[in-house]
Amino acid sequence: MNTYHMGTKCVQGGYTPGNGEPRQVPIIQSTTFKYNTSEDMGKLFDLEASGYFYTRLQNPTNDHVAAKIAAMEGGTAAMLTSSGQAANFFAMFNICEAGDHIVASSSIYGGTFNLISVTMKKMGIDATFVSPDATEEELNAAFQPNTKLMFGETIANPALTVLDIELFAKVAHAHGVPLIVDNTFPTPVNCHPIEWGADIVTHSTTKYMDGHGAAVGGAIVDSGKFDWMAHADKYPGLCTPDESYHGITYAEKFGKEGAFITKCTSQLMRDLGSIQAPQNAFILNLGLESLHVRMPRHVENGQAVAEFLEQHPKVAYVNYPGLPSNKYYERAKKYMPDGGCGVVSFGLKGGREAASVFMQNLKLGAIETHVADARTCCLNPATSTHRQMNDEQLKEAGVPAELIRISLGLEDKEDLIADISAALDAIQ
């Protein structure tokens, strides 16, 4: 499948039916699987044979869809998780433990920032956050002897900063650690982090991959390029025997192409159980089949709305990497020449009151916490998710009172602009 173009991977990757088998990926809605002998099942528990014994670890439906996403990202192995948060946690915790350290971009989704700075800190894993615009010297200075990975987002949610993937990968590899990149917003249709040096790619499949607000999920893709055994002292979990799994050394038995995902499944999914439901994986696959068609429309609508807003007298600023005036424009062109995503943020000159009036007068743009949907959705953090904060606190948090985040769907851009224009006209 790697020789095919993206559209073909989206439609046919991951599953090839045999003679008389279902054309669509089948939903295997079963918790368990039957075997003729205990010896047959024992081979699965010893990781000596491939197959399924309990859906908490793996399920055929999930694996077909994960294989498609691996092909789309250019990776060697992948797995699905119950959410994007679970994907990021599993990807990091698979190679971290108490006493370790993470270097992460400071411009990432708030939920992931809290995961790293609060929850993982409680687990004994420390972190240093760096600017996505940090110099090579500044990035190097953030590393410690116990640093185990570097993390960032291609396009940050909701800041819309663009990660310099090549630079972050260079620095990570100079310190003998992998770069993990969350590629949720551009998707593999618009950005290929592995080609720029990323080692592990994660997704909230809830967003554009599903694209219809129907199924929560996440995915982890391994590039198969990071040589764990070359840094065996840093990664004993991959490079020394796992006594909880019959003494298997993952990096030896499965090589750099399969060790990471096998360990993540055999250990973390076994113990924490954040599996994606087979029904959700089926829905996700339906979304993936049209992803290559939908993403250009999202980008087209995002670009058109951003250009309209930039010229409007009631708008103070617009944040969208596709605008030549944006500080990330050249970087976005490098990593995402066909455009990034359909999410735009902007500020209104009238502040909190103007933002409230704008939101009340939208008709097509639904007020939601969601983004990356076929339907346009909009959010003013000051009057919703961050309403407990005063204006000064909002500014410090990077979501000032006047900020609007709008995720442009698949509607006609003329109708979207007319709706936004009417809402702006309502501001006195």
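1. The expected span is 1.5 Å times one less than the number of residues, and helices here are DSSP runs of H or I with at least four residues, numbered from the N terminus.

2. This is a predicted model, in which local features need pLDDT of at least 70 and side-chain atom pairs count only at pLDDT 80 or more, while totals for chains, interfaces and linings use all residues. Residues are numbered from 1 along each chain as its sequence is written, and side-chain values use heavy atoms, with hydrogens and water left out.

3. H3 is mostly covered, since eleven of its 14 residues are buried, where buried means under 20% relative accessible area with a 1.4 Å probe and protein chains only. Among these buried residues are Pro60, Val65, Lys68, Ile69 and Glu73. At the N-terminal end, Asn59 caps H3 with a side-chain oxygen that lies 2.9 Å from the backbone nitrogen of Thr61, and after H3 comes Gly74, with a positive phi near 80°.

4. The largest nonpolar core has 92 residues, of which Ile69, Met92, Met150, Leu179, Ile220, Trp228 and Leu291 touch the most other members. Such a core is a set of buried Ala, Val, Leu, Ile, Met, Phe, Trp, Tyr and Cys residues joined through side-chain atoms within 4.5 Å. Helix H10 (residues 250–272) gives the largest share of this core, eight residues. Domain 1 (6–279) and domain 2 (292–426) both contribute residues, so the core lies between them.

5. Met150 is in contact (heavy atoms within 4.5 Å) with residues including Val103, Phe143, Phe168, Leu179 and Ile180, leaving aside neighbours within four places in sequence. A second, separate core of 25 residues includes Ala306, Phe346, Met359 and Ile427.

6. The domain bounds come from an automatic or database domain assignment, and the centres of domain 1 and domain 2, taken over C-alpha atoms, are separated by 30 Å. Contacts join 32 residues of domain 1 to 30 residues of domain 2. Between them the two domains bury about 2,600 Å², 60% of it on carbon and sulfur atoms, where buried area is the accessible area (1.4 Å probe) that two parts lose on being put together, summed over both. In domain 1, Leu160, Asn190 and Tyr208 lose the most area to domain 2, together 28% of what that side buries.

Notes: Buried < 20%, exposed > 50% of the residue type's maximum accessible area, 1.4 Å probe, protein only. Helix = DSSP H or I, 4+ residues; strand = E, 2+ residues; numbered from the N terminus. Polar contact = N/O pair within 3.5 Å; in protein donor to acceptor, adjacent residues only side chain to side chain.
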